Each structure stands twice: as C-alpha cells, then as structure tokens.
Amino acid sequence: MSTGPTPAPGSPGWRRPLGSTGLEVTAVCAGGSPLGSMPRLYGRDVPTDEGVATVRAVLDSPIGVIDTSNGYSDGESERRIGQALTEAGGLPQGTWVATKVDPRGRDYSGDRVRASVTESKERLGLDHLPLVHLHDPEFFDYDEITAPGGAVDALVALKESGQVGAIGLAGGQVQEIARYQALGVFDVLLVHNRWTLLDRSARDLVADALDRGMGVMNAAVYGGGILAGADRTTYGYREAPPEILDAVAAMRRVCAEHGTDLPTAALQHSLRDPRFATTIVGMSRPERVTQTLDAATRELPEALWDELESHLPPQHVWLDAPFD
C-alpha cells in the first residue's frame, strides 16, 4: 500500500501524530537495537564512542524519535543514548526517546516491569518516558503476563500513575501479539520483520490496531539483514528459505533496472505506507543518519512498486515457518 514519496524533512507530513497518544513522530525513527553492539545479529562490534557519536548525529538531524529497549545489549544501548544526551546538554526540542520493558532472564513479573522502567530512566538520564512498550511478550506464557498484578497490569498502572506516558506493544509473532492487542489497553503497536518487501503477515494485526485508534510503528524493514546488503542470507535473524532467497534476487534485479538498490526500496516501501506513523531504522554509525535520510527521500519511479510486488514470495512461507 504505497501511495507516494516520503515528505522531505521539514516539509508538511514529515512530522505526524502517533495515533491518539498526543505524541508527534517523524517519518523516520532512529532504532537503537545495534547501538549497544550485538555482533551476533548485526555482524560487527560497535565501540562505545561510535555508538555515542551516532546518537549525537541523530540529535543534530531532522529525526525526532529514538527507539531503544531496556534489554538491548543488557542496557548498553540506553547507556550510550544517555551519555550522548548528557554530552549534548539534553534532548533537543521536539525530540524524544521511546523504550521498552524487558524481562530479566525468565522473570517477566510486575516487579520486573517496574524495575525495568526505573533502570531505563537511570541509564537514559530522563525523569519521564513518553512511550514504553511491553517487549516481545510472545516468548512467555500469556496467562502469566496477563495475570492480575502481572506485567501488563504493572505497565498499565505505571501509565495511570503518570510514571510513564503512553504504553505500547512491541513484538513479532503476529498471532500471539494479536492476543495482547485484544486486551485493549495499549496505545501503540510496534511490529518488526512482519511488514517488509518480503513479508506481509502483519496485515490483519495492523488493521486491527488502526481500528482501535492506536499508532503503528514499523521496524526491521530490512528483515534483519537480507534486504540491507548483497552478502546477507538471513531474514528475521535466521537463515532464509529458498523461496525468500529467490525473491530477493529477483527484487534486486528489478531495483537495478530502475536505477536504485534494494535497501532504498525496502525503506521506502514502509515510508510510503500511510498506515505507519513512523519507520524505525537501526543505526550504529554516524554516517548512517544522512544515508538513511537520503534514501528515504530519493525519487523512485512508480513502476518500480508493481514490479517488486510481482516477486512477493508465497505468504505460506511465513505461516508454515514463522520467524521468531
């Protein structure tokens, strides 16, 4: 559902509301997952100074939102963001940080949720968190997470008491995330790896979120690697099946024929979709900020999109072998 080019930074449409939260986002959000250094997922170590410099570059750019999580590199992503904020003298006007609560080992209790929020505030150096997501609850027992006094109740109580702002739901396994969304307590949905050039399995989940008046954020539009570079063979952080590899090769050829590249098309596929308030792009190098903004606003021929769509892999690939 691509409708037109991404508005240029500073132009009408670059900033837009995040559902009914009262928060404003920019079309591109800087993703903090690789900031703390996760070489197993991203193929490289990120030194502290490089991570901090990347955040500083974001703060000096038109990007108005940074997305991170308590659990990214055991809190190192948040620590590096906090260090950059200290060096910069605080958040620029119109810029804010979203984070997520995470378990500690197998502890995803109400107490753990409260502790996660406290840890995030301390690392980031922020007194208030405008948006906090329940992160990847699908890897835990639903009845445990939703029990009275459990993780969901704790996050709702933190919002009601004003200790956090809006609350969101961030995850990937759409069938499980749909169960949490049906509770009707979340303000924002963050999906990852489930709405890309290759995978449309979040279609019903996103539609339901919008029907509920939720803001929707789309993450991992490069599929965790395969749409980002020619040397990647993983999708959703594991080896991709042959149908996906074939589709990627065909899409790469189409992009070349139209004078562009697959990463640019993968990014704009999300940015052009009006259902997503913002698209989260992971960044771990300062130059990545300018590169992303350039790719976001590059003019692409309209004929490209129909040709790419013709190479969409069979969606039963995802249903038969869901990516975690």
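## Lining of the largest cavity

In this predicted model, the largest cavity is lined by Ala30, Gly31, Gly32, Leu35, Thr54, Val55, Val58, Ile66 and Met283. The elements that give two or more residues to this lining are strand S3 (28–31) and helix H2 (48–59), and the largest share, 3 residues, comes from H2. Sorted by class, the lining holds 6 nonpolar and 3 polar residues, with no charged residues.

A search of the whole structure finds 1 cavity of 30 Å³ or more, and the volume of the largest cavity is about 40 Å³.

## Nonpolar cores

The largest nonpolar core has 79 residues, and those with the most contacts inside it are Leu134, Leu155, Phe186, Leu189, Leu198, Leu227 and Leu308. Apart from this core lies another, of 16 residues, which includes Cys29, Leu131, Ala166 and Ala170. As a general background, nonpolar side chains in soluble globular proteins tend to be buried together.

## The setting of His135

His135 belongs to strand S6, which covers residues 129–135. Is His135 buried or exposed? His135 counts as buried because its relative accessible area is 9%, whereas the cut-off for a buried residue is under 20%.

Leaving aside residues up to four places away in sequence, His135 touches Ser69, Tyr72, Lys100, Val101, Asp102, Tyr108 and Ala170.

Conventions. Residues are numbered from 1 along each chain as its sequence is written. This is a predicted model: local features need pLDDT of at least 70, side-chain atom pairs count only at pLDDT 80 or more; totals for chains, interfaces and linings use all residues. Side-chain values use heavy atoms; hydrogens and water are left out. A nonpolar core is a set of buried Ala, Val, Leu, Ile, Met, Phe, Trp, Tyr and Cys residues joined through side-chain atoms within 4.5 Å. Buried means under 20% relative accessible area, exposed over 50%, partly exposed in between (1.4 Å probe, protein chains only). On a 1 Å grid over the protein atoms alone, a cavity is a set of points where a 1.4 Å probe fits but cannot get out, and a pocket is an open set with protein on both sides within 12 Å along at least five of seven lines; lining residues have an atom within 4 Å of a point. Grid points are joined across faces, edges and corners, and a volume is the space filled by probe spheres set on the points. Helices (H or I, at least four residues) and strands (E, at least two) are DSSP runs, numbered from the N terminus. Ala, Val, Leu, Ile, Met, Phe, Trp, Tyr, Cys and Pro count as nonpolar, Asp, Glu, Lys and Arg as charged, and the others, Gly among them, as polar. Contact means heavy atoms within 4.5 Å.
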